[in-house]
Amino acid sequence: MTETTPPLVGVLMGSRSDFETMQGALTLLAELEVPYEVRVLSAHRTPQLLSQYGARAERLGLRAIIAGAGGAAHLPGMLAAFTRVPVLGVPVQSRALSGQDSLLSMVQMPAGVPVATFAIGVAGAKNAALFAASLLATTDAAARERYERFRARQTQAVLDDPHFEGH
Ligand code: RP5
């Protein structure tokens, strides 16, 4: 699993400082047994490497790329320009503007180059991972079963909470 199995999902982040947020995605991908690879790549600091990664994603047959970045968060948008693999963007909470800048610079893509943008921060990272898992589930029965079990466990956790008021 993870770095030893051929990856189906790429997880990119603009800086090591995004790792804590993106860990939310990695944990869920591992739990759902989705093979993934992780890279730190920046639209601004390593632009050539980013374009090469777009080609690599096609070569490897990645089914989705989760890209988290903060501030002027151009990583997912630039990546989407370089690849036809679906790009899922996670706006990382920035220090200066609490991630509003990350969200807006990520979500306001021009028509023709789509990025599926998720919530700011860890919730977005987790949902991007679940979205990638649900994409895989459309063509893989075992992946669908794992995803279904995850959703059932989540529901059960709410029902098991002693503070839950069922009807
Ligand atoms: C973005 O700039 C990164 O995605 C990160 O969220 C932000 C700050 O990066 P560092 O200065 O912490 O490396 O490119």
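In what order do the strands of the open sheet stand? The order is E2-E1-E3-E4-E5, an open sheet of 5 strands with parallel pairing. Welcome to this predicted model, in which local features need a pLDDT of at least 70, side-chain atom pairs count only at pLDDT 80 or more, and totals for chains, interfaces and linings use all residues. Residues are numbered from 1 along each chain as its sequence is written.

**Confidence and labels**

- The protein chain has an average pLDDT of 96, and 97% of the residues score at least 70; pLDDT is the predictor's confidence in each residue, from 0 to 100.
- For the complex, the predictor gives an ipTM of 0.97 and a pTM of 0.95.
- Helices (H or I, at least four residues) and strands (E, at least two) are DSSP runs, numbered from the N terminus.
- The UniProt record, an unreviewed entry, annotates residues 7–158 as "domain: PurE". UniProt positions are given in the numbering used here, feature names are shortened, and annotations may be inferred rather than shown by experiment.
- The span of residues 7–158 is 51% helix and 16% strand, and its end C-alpha atoms lie 32 Å apart.

**The sheet**

- Two strands count as paired if DSSP finds at least two bridges between them.
- E2 and strand E5 (116–117) stand at the edges with a single partner strand each, so one side of each has no neighbour in the sheet.
- Strand E1 (residues 9–13) pairs with strand E2 (residues 36–40) in the parallel sense over 5 bridges. Along this pairing, Val 9 stands opposite Tyr 36, and Met 13 stands opposite Val 40.
- E1 also runs parallel to E3, joined by 5 bridges. Here the bridge partner of Gly 10 is Ile 65 in E3.
- E3 and E4 run parallel too, with 6 bridges joining them. Ala 69 has Pro 91 in E4 as its bridge partner.
- From E3 the chain crosses through helix H3 (residues 75–82) to E4, and this β-α-β crossover is right-handed. A crossover is right-handed if, with the strands pointing away from the viewer, the path from the first strand over the helix to the second runs clockwise.
- E1, helix H1 (residues 19–31) and E2 make a right-handed β-α-β unit as well.

**Inside E3**

- In E3, 7 of its 7 residues are buried. A residue is buried if 20 or more other C-beta atoms lie within 10 Å of its own, exposed if 12 or fewer, and partly exposed in between, with C-beta atoms placed from the backbone.
- In a regular strand the side chains alternate between the two faces of the sheet.
- Ala 64, Ile 66, Gly 68 and Gly 70 point one way from E3, while Ile 65, Ala 67 and Ala 69 point the other way.

- The 13 residues of H1 should span 18 Å at 1.5 Å a residue, and its end C-alpha atoms are 18 Å apart, which agrees. The expected span of a helix is 1.5 Å times one less than its number of residues.
- Thr 21, Met 22, Gly 24, Ala 25 and Leu 29 are buried in H1. The buried residues of H1 pack against E1, E2, E3, E4 and H5.
- Just after H1, Glu 33 takes a positive phi of about 55°.
- Helix H5 (residues 122–137) has 16 residues and reaches 22 Å from its first C-alpha to its last, close to the 22 Å expected.
- The buried residues of H5 include Gly 124, Ala 128, Leu 130 and Leu 136. Their cover includes E1, H1, strand E3 (64–70), strand E4 (87–92) and helix H6 (141–160).

**Annotated positions**

- The UniProt record (unreviewed entry) places the feature "binding site" at Ser 15, Asp 18 and Arg 45.
- Ser 15 lies in the loop between E1 and H1. Ser 15 counts as partly exposed because it has 16 C-beta neighbours inside 10 Å.
- Leaving aside its neighbours within four places in sequence, Ser 15 is in contact with Val 40 and Ser 42; contact means that the C-beta atoms, placed from the backbone, lie within 7 Å.
- Arg 45 sits in the loop between E2 and helix H2 (47–60). With 11 other C-beta atoms within 10 Å, Arg 45 is exposed.

Note on methods. Contact = placed C-beta atoms within 7 Å.
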